[in-house]
Amino acid sequence: MYWEKVVYFSAKHSGLYILYNFLVSLVGIFLVPASFFNRKLRLFYKGRRAVFSSLEMHLESNAPRIWVHAASLGEYEQGLPVVKELRTRYPHHQILITFFSPSGYEVKKNSPDADLVTYLPLDTRSNSRRFLDLVKPEVAIFIKYEVWPNYLRELSRRNIPVILISAIFNKKQIYFRPYGAFMLRALKQFRHYFVQDIKSANLLKEVGIQNSTVSGDTRFDRVAEILQQKDILPRIASFVNKNRCIVAGSTWPEDEKLLVPYINQTDKPVKFILVPHDIKKEHIQNLQRSIQKPVTTFSELKTSGETDFSVLIVDAIGLLTRIYQFGQVAYVGGGFATGLHNTLEPAVYGIPVLIGPQYEGFREAEELVSLEGVFSVNSAKELNQKLDELLENEELRNNTGRINSDYINRNLGATTKIIHYLQHLLSRPKN
């Protein structure tokens with residue numbers, strides 16, 4: 001009976017593995033026609049066509065190598081403290097960073113923090129073998145959610161250690177479902193798991209994964225690092241000009257429907273900086289027309305003397321984390337739309353943060369709402385009341401902001417734990 005179960009289990013997984021490879025290959029085929037109609041898919045397809053030639057051209061043949069993989073820009077930022085520390089400790093290693101999404105690759109393809117940045121080829125058996133034949137990493141680091149069965153299987157076959165960092169798990173994920181055995185098998189290929197919280201570690205134990213460490217989230221280390229950089233951003237500083245300022249970051253149209261009426265009706269002496277998630281020209285122009293106060297965009301802003309405007313719309317990428325330093329209050333978008341954006345980025349500056357009602361599953365937001373450093377609003381009325389209250393009450397602003405900065409400080413240190421483990425891996429005898 002036991003061996004019958006083993007044979008059935010193996011056959012079942014073999015069938016799922018064949019189906020998985022068929023579906024991934026199908027995606028590759030359909031990318032060609034689909035890329036003609038969608039810019040993001042066009043970048044996704046064209047970028048992957050050049051990966052192997054780029055690797056052959058830029059990888060030093062005899063250099064030891066560390067491979068870091070991120071899904072997109074958010075995961076890249078999450079893993080950056082680890083990458084920077086590796087860069088310092090292992091200057092003779094080449095660091096390769098791969099992205100799954102164009103939204104990460106297109107922004108960071110020229111990052112000075114890596115020797116080479118590329119897309120990750122689609123997760124087929126042939127791609128994973130060819131990729132690893134070229135890269136030959138000493139160790140691979142995947143960030144947060146990235147589980148690719150063929151790459152993990154091939155890494156395991158070659159005895160190349162791969163770790164998952166800043167991971168967070170919940171019972172709704174496929175690994176913990178009755179039908180998720182195939183993906184659970186892929187998940188188990190990691191040498192070690194650095195998870196954000198004890199709940200994740202316990203979930204892994206329930207499915208037989210014992211080799212995890214509760215390290216916390218490297219995003220805390222990342223925002224603390226940004227805080228130390230003290231980038232002045234002279235154009236923004238000139239616009240704010242020592243006035244009180246509300247910074248609304250990563251806003252979606254659902255957020256802007258609440259924010260714009262407040263901007264138009266408030267008579268308080270305060271400036272506003274809006275950093276929309278969508279910076280396409282048409283959206284920026286529509287947003288600009290909806291605002292009744294003197295408004296300009298970052299691309300139109302001069303380097304100095306621009307103090308007559310009340311509202312600044314930032315139509316550029318990569319500035320938001322540093323712009324939050326100018327706010328006395330921050331609003332983080334996504335809580336009325338597709339998903340909440342990063343609340344740690346403004347919280348590190350010790351200011352109150354407002355968000356929409358949809359923040360379940362975002363651990364730091366849940367905890368900061370409970371601590372009353374972040375306030376969730378459900379309507380325009382609640383938003384208006386809370387903004388007025390925070391602008392009028394300096395003591396409340398300061399106390400709320402202190403809750404946020406203290407929370408950040410208590411959660412630092414994930415990078416140190418991960419680096420300590422990586423040092424052990426990188427010092428092991430080579431085959």
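The following dialogue explains how to read several features of this predicted model.

Me: On what basis are the residues and values reported?

Reply: Residues are numbered from 1 along each chain as its sequence is written, and side-chain values use heavy atoms, with hydrogens and water left out. Since the model is predicted, local features need pLDDT of at least 70 and side-chain atom pairs count only at pLDDT 80 or more, while totals for chains, interfaces and linings use all residues.

Me: How many helices and strands are in the protein?

Reply: Helices (H or I, at least four residues) and strands (E, at least two) are DSSP runs, numbered from the N terminus. The protein has 19 helices and 14 strands.

Me: What percentage of the residues count as buried?

Reply: Buried means under 20% relative accessible area, exposed over 50%, and partly exposed in between, with a 1.4 Å probe and protein chains only. Of the 431 residues of the protein, 54% count as buried.

Me: Which residues of strand 4 are buried on each side?

Reply: In a regular strand the side chains alternate between the two faces of the sheet. In strand 4, Val139, Ile141 and Ile143 are buried on one side, and Ala140 and Phe142 are buried on the other. Strand 4 (residues 139-143) is largely enclosed by the rest of the structure, because five of its five residues are buried.

Me: How many bridges join strand 4 to strand 5?

Reply: Two strands pair if DSSP finds at least two bridges between them. Four bridges join strand 4 to strand 5 (residues 162-167), and these strands run parallel. Within this pairing, Ile143 stands opposite Ile165 in strand 5. Strand 1 (residues 65-70) also runs parallel to strand 4, joined by four bridges; here Val68 has Ile141 as its bridge partner in strand 4.

Me: What is the strand order of the open sheet of seven strands?

Reply: The order is 10-11-9-8-12-13-14, and the pairing is parallel. At the edges are strand 10 (295-297) and strand 14 (374-376), each of which pairs on one side only. From one strand to the next, the twist averages 20°. Strand 9 (residues 270-276) and strand 11 (residues 311-313) run parallel and are joined by three bridges, with Ile273 opposite Leu312 in strand 11.

Me: At what angle do helix 3 and helix 6 pack?

Reply: Axes are lines fitted to C-alpha atoms, for helices over the stretch in contact, and angles run from 0 to 180 degrees between N-to-C directions. Angles under 35 degrees count as roughly parallel, over 145 as roughly antiparallel, 65 to 115 as roughly perpendicular and the rest as oblique. Helix 3 (residues 51-58) and helix 6 pack at about 10°, with axes 10 Å apart, which makes helix 3 roughly parallel to helix 6.

Me: Which residues of helix 3 meet helix 6?

Reply: Contact means heavy atoms within 4.5 Å. Phe52, Leu55 and Glu56 in helix 3 meet Asn127, Arg130, Phe131, Leu134 and Val135 in helix 6.

Me: How do helix 6 and helix 7 cross?

Reply: The axes of helix 6 (residues 125-135) and helix 7 (residues 149-157) come within 9 Å and cross at roughly 45°; the two helices are therefore oblique to each other. In helix 6, Arg125, Asn127, Ser128, Arg129, Phe131 and Leu132 meet Asn150, Tyr151, Glu154 and Leu155 in helix 7.
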